[in-house]
Amino acid sequence: MKKLIIALSFLSTYHLAAQKLPNAEIINLQGQIINAASIKSKGGPMIISFWATWCKPCINELDAFHDYFIDLEDTGLKVVAISIDDSRTMSKVAPFVAGQAWDYEIFLDPNSNFRRAMGVNNVPHTFLLDENGSIVWQANKYIPGEEEELARKVIALSKGEKINND
Amino acid sequence: MKPIFFLFVMVVAFGVNAQQEKLRAIIQSDAQWYLRDKVLDPSGEYFPDERLLGQGFALFTYTDGDFQAGIRYENYQNVMLGFPTGYQGEGITYRYARIRRDNWDITVGNFYEQFGSGLIFRSYEERGLGLDNAMDGVRIITKLGQGLKLKGVIGRQRKYFSKGEGIVRGIDLNWSTNEALPFLGKKGIIASLGGSFVSKFQRNFDPILNLPNNVGAFALRSTLNFKGFNWTNEWAHKINDPSYDNGYIYKPGQAILSTLTFSKKGLGILASIKRIDNMSFRSDRNGQQFDLFINFLPPTSKPHTYALAALYPYATQINGEVGGQFEVNYMIPRGSFLGGKYGTRLSLNSAISNSIDKSPLDDDSRGLKGTQGYVSDIFKLGPILYFSDINGSISHKFSKKLKSKFTYFSLKYNKTVLNDGVGDITLLENLGMDSIININAFVWENQFKLMNGQTLRSEIQWALADGFRGDMAMGLVEWTINQKWTLAVQDIYNYGHPTTSRQIHYPIVSLIHFNGPTRVQLGYGRQQQGVFCVGGVCRVVPPSNGLSVSITTSL
């Protein structure tokens, strides 16, 4: 136990300067395993949205935001949608996304490794990150109209304005 | 004392210096004040003595570079109606430390893991159901180069606030072939192969049966991805494993699962088949309900989210089933005549599940304790239909202000098996005694944008059933007052219930407040008795009436 305390105390004083997403295995739609920490923005804001094929509000959110996403290209925005579908429904994700004609980057997190590391309890849970990878806003819900709000925040963020988490 | 000390050290050590992104917490708390409802529960058998029941948990996860540690505290005072009653009291149920360095990834303490799709090993949690079979032990993952990855696990599984006595150990090798065979990538092929072996140890004390102390299972899998096509196959075999689930028969178990999908922007197709024969695999041979499952057998049907269709859920029949699924998602392109400005989405899904062939043994017995149980021809179907589902939907956004979706469901639901829990061996001896309910359901959903950022979402649902729960109609209105408040009112009227006294209303009113990652929900409602499922696993929920509060936040 003593050793553990020493180890933990040491770790608590050790910092990494750059903000990074946590290490967690996720799978792309081709079935390849990648580390979530390797997800990088395109130099602008990034949205990470946790969703599932059985979650209606999640689909409504990604769908509603898609109309705005096309117009936000100038901001350098990248949208990453992390499906938490487990082994029951994970095979549905690729054909489902195709049928929705979404242009997002999609990854699977079937055993919720990334979900737990990001502190996500329920879906939908959406994070807005700045170009340095710091979380500036998050919401554990989708209510209609939020997509508009989110699009405004993305534009503000790309102009270097401060975002409030309200 | 030790776990509390551990928690204290973690919070102090990490809380002082950790950056926001390094330490994350999830906190959830639910409580319900139950009201006596003489219509729903005339004798009061489901009315809890406590009147007020509440439960909650807090999960802390600390990640710093290649190190991660986590802890979860759970509290049940007492567990809410419908959850497994084994959850009593409070304590630390999950704690681990994990390090990933070079080619090694080592976890000690609790962990969740799965091999392939989980046919022989999956430890996971489903908090909505109170299901958690986390391993407590050691997991080692190492990369061997050339795309080879080896996983080894050993430990015991969580059972409420204790652990099962059985030891679970397993090994899994996955080969992502593209690293070693780069020419595949050049041809646009991505392929992987995998194999796993899992064994459990539980001492036998049975005075009559010679039960195996060790039970092994192995599985092989493959994935092939080429030009929008993805084909995955998995096959599993388990040696004799007499258990409560299979009536203590000695027949080995088998499972096969094959899924082919095609995805291209605007079109997605899925076809899937599976066959399961005697594949219940638990670390306690006498385990029941959700306790101590080592594996997970994914059901091949679409989980429904609309309330009335969700009243007829399907869960895998672990003792044997053969089934398949076909699904098409298509978007009529934006800008076309039928697609309009925003496109029109069509979806068609069908699924079926049936019993497997279980012919009697040479001595004419079937399912008898201590025997091989039965003989099964894999190319033959059994006589019992468990479930079938054909559903289709069309959704269209007419303008910035109006979105509409229409869905139709046609279900066949074997109430005797899926709701009453009668096994196929019993039914085979009494063919025709099962009751299959035919359900036709319609859902019309609309979403209107009002002024000042307000929206109104409505659902009209209608389900016609030729028995069991009978006909029902439902209306729902959800009013988004602003980005912080939502009010939802719904009512299900079971006007066609075969018993006149049960032709009642089930109203639910909820007021939800959002603030960033925090959600507070207040509700009043009447809950129907039934089977509640998340992710294909189901539990029985008693009828209830009461006021509820739920708070969830991430920090």
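**How the terms apply**

Author: Over all chains, the count comes to one disulfide, a disulfide being a pair of cysteine sulfur atoms within 2.5 Å. This is a predicted model, in which local features need pLDDT of at least 70, side-chain atom pairs count only at pLDDT 80 or more, and totals for chains, interfaces and linings use all residues. Residues are numbered from 1 along each chain as its sequence is written, chains are lettered from A and ligands numbered from 1 in the order in which they are written, and side-chain values use heavy atoms, with hydrogens and water left out.

Reader: What makes the link of A:Cys55 and A:Cys58 a disulfide?

Author: The S to S distance from A:Cys55 to A:Cys58 is 2.0 Å, and the limit is 2.5 Å, so the pair qualifies. The link is right-handed, with 80° about the S-S bond.

Reader: Why is A:Cys58 called buried?

Author: Buried means under 20% relative accessible area, exposed over 50%, and partly exposed in between, with a 1.4 Å probe and protein chains only. A:Cys58 has 1% relative accessibility and therefore counts as buried, and A:Cys55, at 5%, counts as buried too.

Reader: Why is B:Asn278 called buried?

Author: B:Asn278 has 1% relative accessibility, so B:Asn278 counts as buried; the phi of B:Asn278 is near 55°, a positive value in a residue other than glycine.
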